[in-house]
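Here's a quick briefing to read alongside the coordinates. Have a look at the fold, then run through the points below.

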Amino acid sequence: MDKHLFLGDEAIAQAAIDAGLSGVYAYPGTPSTEITEFIQDSKMARELGIRSEWCANEKTAMEAALGMSYAGKRAMFCCKHVGVNVAADCFVNSAVTGVNGGLVYIAADDPSMHSSQNEQDSRFYADFAFIPAMEPASQQEAYDMIHYAFDLSEKYKEPVMMRITTRMAHSRAGVERKAEVRKQNQLTLPVDKKQYILLPAIARKQYAKLLEKQPDFVKESETAGWNKYFDGTDKKLGIIACGIAYNYLMENYPDRKCPYPIVKVQQYPLPTAMIEKLYNECDEILVLEEGQPLNEQKIRGFMNNGKRVHGRLDGSLPRMGELSPNAVGRALGLNIEEGLEIPALVAARPPKLCDGCPHIDSYTALNEAMKSFPGGRVFSDIGCYTLGALPPFEAIYSTVDMGASITMAKGASEATLLPSVAVIGDSTFTHSGMTGLLDCCVDNANITVIILDNEITGMTGSQKSSATGRLESICTGLGVAPEHIRVIKPLKQNFEENVKVLKEEIGYNGVSVVIPRRECIVAMNKRLKAERAAKEKAAKQN
């Protein structure tokens, strides 16, 4: 078939469609969002009836994917690295239950924290749960690996993780699709009716089965062909290059001829025999891996025979941030030409809320209202509105993880820090804020929750929000008194009225909710453009 110029995310999405996918389950998060969006926009996926709607959060998404696998169908779960934390309970336990239809977990890591609150390494989760993991070095490998991952999952009846990073997700390369598009699996139920019942007596048996598969997973790593040993003429140094780090290594050798022996690692568990061969043949070892020093630590442990192992732990590579060809070149002792420094006349351009964003009017009113409560604090959450921490607003005092605004404000209020106010977006509220509000209602906490409702998931590209049209009824159902659920429209002309409402609810001794509601300006412009295009098309047809 023809080659396609795909993002890494798009290559994964197309591969899943071609490999017989029946459903993708996800919550939007950079750099994984484009995988699900590609499937949603794919005519082929729609014709095949592939399920692709967004889920409320990563936990519900992974559990639904496991349910589709239970029914014998091939399913895929996608999230950014911190999303794995949200789904971790299911992630670890699904390794113990095993799967029925093929199940692939995509974890998109964000080293250097381009749009994240940390740069954790999802490979630790796969290692912790004892499941196989894949790490492609190119878009073509990502495409091909998805087919293999589904096969591997069904062969051993275990979920398989694919770990990618921002550079892989958001860079483009030519990808050749397979000629054959696989049919979706038929509905089939697990042979063992108790397989998914993790009562202790059953869980112990299932866990023993998982441990018994570990030698098979290592054998797959040694023989499947994704991990490769490249011999070299200079045995002073042996290099272990993992995933995209292999590309950074090769960019230091324009002729693609590295003098040192290399083990290219793209499948986990580590290929023990290849690593031992490299270690025994070479004087020292350099480990190149994007993220945290998972493999470096392992090799220092099981190869502890006195040879030096270099990497992030000994300072040969930077301990934090993305790898780069220059960083790898310096670790190799090569002369690296550094780029020019950014001139002082180039002013920094920090991110800011879009012109016309409803959050601008919400924060302006909130700041004015808080002047009447000088000892108070505003706890915020993760979304576009996190930019309220920056000038000119400087309105918030925390952003930790999805949903933490409400529960942190609750804890602070119970420590007698009053008033304690929480700011959370509509999509983040249904993602992981609802349970926190329930805690507040159960304890009758003295807290005001401001749910900034722009009717979409704004920060990741205007995806549908699970909260749209439901916020008031959700808050009522959780126990908030209806008279203390107030909806305001954040506009300059409503400034005085909005400040009045905020002051009233912040001053109320109990749980109150204020919902500033106005459509995201970016989403509105997209909607109006689409409506104009539809009208023009209809006019031409008439």
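This is a predicted model: local features need pLDDT of at least 70, side-chain atom pairs count only at pLDDT 80 or more; totals for chains, interfaces and linings use all residues.

**Nonpolar cores**
- The largest nonpolar core counts 59 residues, and Met76, Ile106, Ile239 and Leu249 have the most contacts inside it.
- Helix H8 (residues 139–156) supplies the largest share of this core, with nine residues.
- Domain 1 and domain 2 both give residues to this core, so it lies between them.
- Leaving aside residues up to four places away in sequence, Ile239 touches Leu249, Tyr260 and Leu332, among others.
- There's also a second, separate core of 47 residues, with Phe373, Leu478, Ile506 and Val511 among them.

**Salt bridges**
- In total, the structure holds 36 salt bridges.
- Glu10 pairs with Arg172 at 3.0 Å, N to O; Glu10 counts as buried at 15% relative accessibility, while Arg172 is partly exposed at 45%.
- Asp109 and Arg163 meet at 2.7 Å, N to O, and both are buried.
- That pair links strand E4 (residues 103–109) to strand E6 (residues 160–165).
- Asp109 and Arg163 also belong to a salt-bridge network with Asp121, Arg123, Glu135 and Glu289.
- Glu141 and Lys264 form a salt bridge at 2.9 Å, N to O.
- Glu141 is in helix H8 and Lys264 in strand E10 (residues 262–265), so this pair ties together parts 123 residues apart in sequence.
- Glu141 is buried at 15% relative accessibility, and Lys264 is buried at 7%.

Conventions: Residues are numbered from 1 along each chain as its sequence is written. Side-chain values use heavy atoms; hydrogens and water are left out. A nonpolar core is a set of buried Ala, Val, Leu, Ile, Met, Phe, Trp, Tyr and Cys residues joined through side-chain atoms within 4.5 Å. Buried means under 20% relative accessible area, exposed over 50%, partly exposed in between (1.4 Å probe, protein chains only). Helices (H or I, at least four residues) and strands (E, at least two) are DSSP runs, numbered from the N terminus. Domain bounds come from an automatic or database domain assignment. Contact means heavy atoms within 4.5 Å. A salt bridge is a side-chain nitrogen of Lys or Arg within 4 Å of a carboxyl oxygen of Asp or Glu.
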